[in-house]
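Subject: Structure for you to look at

Hello,

Here is the structure I said I would pass on. Please open it first, then read the notes below beside it.

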Amino acid sequence: MDDFLKSDDITAKAKIMADEMMAKLDKDKGGSLSLDELLAEHGKDLPASTVEKQKAQFKEMDKNGDGKLDYDEVYDFCLKTVKKQKVAAQLAALDEEEDV
């Protein structure tokens, strides 16, 4: 995770994030993530609304519709996430500049 925090390169950050997600969540080491693997990470006591959100997000991430997330699908999700984080950080910096 230290590499993630040090890198300004969004593609490098997305790769680190995807690598860590796959290593942590791919319990059967099959090279892809199932919905069950994803949900298992968050515990079995999730509220129904959260489970439904997770299922919808999984379906959106599953670009080829095979019911599994391969590395490329996980990487694409991570890249979008990192881009959103970068934009949010830039907006926060602008807000701070305006407050000065």
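A residue is called buried when its relative accessible area is under 20%, exposed when that area is over 50%, and partly exposed in between. Q85 has 40% relative accessibility, so Q85 counts as partly exposed. Q85 is placed in helix 5. In sequence Q85 and I10 are 75 residues apart, while in space their C-alpha atoms are 9.7 Å apart.

Please keep in mind that this is a predicted model. The average pLDDT of the chain is 86, and 88% of the residues score at least 70. Confidence is lowest in helix 1 (residues 2–6), where the mean is 50. It is highest in strand 2 (residues 68–70), at 97.

Overall layout

The chain has five helices and two strands. Read from the N terminus, the elements follow the order α-α-β-α-α-β-α. Of the 100 residues in the chain, 27% are buried. Among contacts with a separation of 6 or more, 50% are between residues 24 or more positions apart.

Salt bridges

How many salt bridges does a search of the whole structure find? The search finds two.

One of them joins the side chains of K15 and D19, with a distance of 2.8 Å from N to O. Both residues belong to helix 2 (residues 10–25), and because they are four residues apart there, about one helical turn separates them. K15 is partly exposed, at 45% relative accessibility. D19 is also partly exposed, with a relative accessible area of 32%.

The side chains of E52 and K55 form a salt bridge too, at 3.8 Å from N to O. These two sit in helix 4 (residues 48–61); they are three residues apart, so about one helical turn lies between them. E52 has 48% relative accessibility and counts as partly exposed. K55 is partly exposed as well, at 36%.

Helix 4

Helix 4 can be checked for length. It has 14 residues, and at 1.5 Å a residue it should span 20 Å. Its end C-alpha atoms are 20 Å apart, which agrees with that figure.

Which residues of helix 4 are buried? They are Q54, F58 and M61. These residues cover an arc of only 65° around the axis, and therefore they lie on the same side of helix 4. The face turned away from this buried side carries exposed residues, namely A48, K53, K59 and E60.

A buried charge

E73 lies in helix 5 (residues 71–99). E73 is buried, yet it has no salt bridge. What is the nearest side chain of opposite charge to E73, and how far away is it? It is K63, at 7.9 Å. Leaving aside neighbours within four places in sequence, E73 is in contact with M61, D62, K63, N64 and K68. M61 is one of the buried residues of helix 4.

Y71 and its contacts

Y71 is another residue of helix 5. Y71 is partly exposed, with a relative accessible area of 28%. When neighbours within four places in sequence are left aside, Y71 is in contact with K15, A18, D19, M22 and G31.

K29

K29 is found in the loop between helix 2 and strand 1 (32–34). What is the phi of K29? It is near 55°, a positive value in a residue other than glycine. K29 is exposed, because its relative accessible area of 59% is over 50%.

That is what I have for now.

Regards

Technical notes:
Residues are numbered from 1 along each chain as its sequence is written. This is a predicted model: local features need pLDDT of at least 70, side-chain atom pairs count only at pLDDT 80 or more; totals for chains, interfaces and linings use all residues. Side-chain values use heavy atoms; hydrogens and water are left out. A salt bridge is a side-chain nitrogen of Lys or Arg within 4 Å of a carboxyl oxygen of Asp or Glu. Buried means under 20% relative accessible area, exposed over 50%, partly exposed in between (1.4 Å probe, protein chains only). pLDDT is the predictor's confidence in each residue, from 0 to 100. The expected span of a helix is 1.5 Å times one less than its number of residues. The arc is that of the directions from the helix axis to the C-beta atoms. Lys and Arg count as positive and Asp and Glu as negative; His and the chain ends are not counted. Contact means heavy atoms within 4.5 Å.
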